[in-house]
Amino acid sequence: MSGFAGEMRAGGGDPRRGLWLTFLSPFGLELAGGCGAEWIGIDIQHGDLDISDVAPLARVSPVPVLVRLASHDEAQLARVLDAGVDGVIVPAVESAGQAAALVRAAYFPPRGRRSAGLARVSLLGRRDQPLLLPMVETRAGLDHLDDILGVDGVDGTFVGPYDLSLSLGCTSTLDDAVVSAITSVIDRTRSRGRITGIFTGNRELTALLPAVGLLAVDTDAAALRAGLKRLFD
C-alpha cells in the first residue's frame, strides 16, 4: 500500500491500531476486512503462519501490512520484502551492529546489498522503502537502545513486552519495572523523531503507556476467542 511508510516516517498523524495475525487465512482476512484495524502484522515467528503465507495475505489486505520476521536471516528478510509489504519488524535486536546489518539487508545497492529480481513487489509500481523496525525485547536491547536508534535506516522501535518482562526477571508485563522500561523506549524513540510501536494484547497495559504510532491491539486468535465467548454467553 504505497504511501504508508512515508506517512509514518513523516509523523504518521494519529496512532494507528492494528491486528496481529497468527493463523488467519486470506479468506479469513477478507471476511474480517471491516473490523476496524488500520494495519495488520503478520507474525511468522510464532503462531501458524510462515513466509509462504505473506504474499497471499498481502494481496487481499485492505490495509498496510507489516511482517514480524522469525529471525535476522537476510534471505528471509529479502523474501518478505519481495512480497510487497509495507515494513518488517525484526525480533531481539540488541546492538548497533545487528541493526546496521539489517539496514544493509533491507536496502538495494549502493546503500545496502538487497538483490533485485522478479517478485510481487516489482508488479506494484513505485513504492516507499519499507519500514525497518527493530524489536526491543531484551535487557541488552534496552541497554543499547540509543546505539540502535543511531543507525541510519532504522525507522523506529517496536517493543515486545512479554519477552522484555522475562528478560528483566519480572513475572508480568504490568510490573512497574516493565512499564517503566517500555515507557523509556517509547519516549527515547520519539525524542529522535522515530516511529514507536508495540504489541500489547492487554488493555490494562495499553492504558499505562504513552501513545504509540503503531499499536498492535491483539491477535486474531484473541479476537476469535472473544467473539465466540460473546456468541455463546
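The views below show a predicted model, in which local features need pLDDT of at least 70 and side-chain atom pairs count only at pLDDT 80 or more, while totals for chains, interfaces and linings use all residues. Residues are numbered from 1 along each chain as its sequence is written, and side-chain values use heavy atoms, with hydrogens and water left out.

**View A. The largest pocket and its lining.** At least two lining residues come from each of E1, helix H10 (203-208), strand E8 (214-219) and helix H11 (220-232), where helices (H or I, at least four residues) and strands (E, at least two) are DSSP runs numbered from the N terminus.

**View B. The closed barrel.** Eight strands form a closed barrel in the order E1-E2-E3-E4-E5-E6-E7-E8, with parallel pairing; two strands pair if DSSP finds at least two bridges between them. E4 and strand E5 (residues 131-136) pair in the parallel sense over 4 bridges, with Gly87 opposite Leu131 and Val90 having Pro134 as its bridge partner.

**View C. Strand E5.** Because 6 of the 6 residues of E5 are buried, this strand is largely enclosed by the rest of the structure; buried means under 20% relative accessible area with a 1.4 Å probe, protein chains only. Leu131, Leu133 and Met135 point one way from E5, whereas Leu132, Pro134 and Val136 point the other way. In a regular strand the side chains alternate between the two faces of the sheet.

**View D. The largest nonpolar core.** Such a core is a set of buried Ala, Val, Leu, Ile, Met, Phe, Trp, Tyr and Cys residues joined through side-chain atoms within 4.5 Å. Among its 34 residues, Leu21, Ile42, Val67, Leu69 and Val85 touch the most other members. Helix H5 (96-106) is one of the elements that each supply at least two residues of this core, and H5 gives the most, with 5 residues.

Definitions and conventions: Buried means under 20% relative accessible area, exposed over 50%, partly exposed in between (1.4 Å probe, protein chains only).
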